[in-house]
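Me: Could you walk me through this one, feature by feature? I'd like the general idea before the particular case.

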Amino acid sequence: MAHKIEVFTSPTCPHCPGAVKVVEEAKAKLGDEIEVQILSIVDPANRDLAIDYGVHAVPAIAINNSLAFIGAPTLEELLERLE
């Protein structure tokens, strides 16, 4: 079963591209072991989902429907959480 990773972003966030990059690096390394969604909180549905997860700042990363990181983790931190 693949891990589901959701990255909550905002177009004005200077740190969001770094979080997206780390998740993309993990996807390149793990392939089909992870499913990635990049979700802009500008979209009301994504904002509601972020609120459900308890996200108060972006970037934020949820793994398997649970908030895992606020801010951009390192690739190593993300891979450890996925083990």
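Me: Which residues of α3 are buried?

Reply: Buried means under 20% relative accessible area, exposed over 50%, and partly exposed in between, with a 1.4 Å probe and protein chains only. Helices (H or I, at least four residues) and strands (E, at least two) are DSSP runs numbered from the N terminus. In α3, Leu 78, Leu 79 and Leu 82 are buried. This is a predicted model, where local features need pLDDT of at least 70, side-chain atom pairs count only at pLDDT 80 or more, and totals for chains, interfaces and linings use all residues. Residues are numbered from 1 along each chain as its sequence is written, and side-chain values use heavy atoms, with hydrogens and water left out.

Me: Why do the buried residues line one face of the helix?

Reply: An α-helix has 3.6 residues a turn, so residues three or four places apart point the same way. Seen down the axis of α3, the buried residues fall within an arc of 95°, so they line one face (the arc is that of the directions from the helix axis to the C-beta atoms). On the other side of α3, Glu 76 and Glu 80 are exposed.

Me: And what covers the buried residues of α3?

Reply: Think in contacts, meaning heavy atoms within 4.5 Å. The cover includes β1, α1, β2 (34–40), β3 and β4.

Me: How many residues are in the largest nonpolar core?

Reply: A nonpolar core is a set of buried Ala, Val, Leu, Ile, Met, Phe, Trp, Tyr and Cys residues joined through side-chain atoms within 4.5 Å. The largest here has 15, and Ile 5, Val 7, Ile 61, Ile 63 and Leu 78 touch the most other members. At least two residues come from each of β1 (3–9), α1 (16–30), β3 (60–63), β4 (66–70) and α3 (75–82). The most come from α1, which gives 5 residues. Apart from this core lies another, of 7 residues, including Ala 50, Tyr 53, Val 55 and Ala 60.

Me: What is Ile 63 in contact with?

Reply: Skip its neighbours within four places in sequence, and you get His 3, Lys 4, Ile 5, Ala 68, Phe 69, Leu 78, Arg 81 and Leu 82. Two of the residues on that list, Phe 69 and Arg 81, bring up another feature. A charge sits over a ring if NZ of Lys or CZ of Arg is within 6 Å of the ring centre and within 35 degrees of the ring normal. Arg 81 lies over the face of Phe 69, at 4.6 Å from the ring centre.

Me: How many aromatic pairs does the structure hold?

Reply: Rings of Phe, Tyr and Trp (its six-membered ring) pair if their centres lie within 6.5 Å; planes under 30 degrees apart count as stacked, over 60 as edge-to-face and the rest as tilted. There's 1 pair here. The rings of Phe 8 and Tyr 53 have centres 5.8 Å apart and planes at 75°, so the pair is edge-to-face. Phe 8 lies in strand β1 and Tyr 53 in helix α2, so the pair ties together parts 45 residues apart in sequence. Phe 8 is buried at 0% relative accessibility, and Tyr 53 is buried at 16%.
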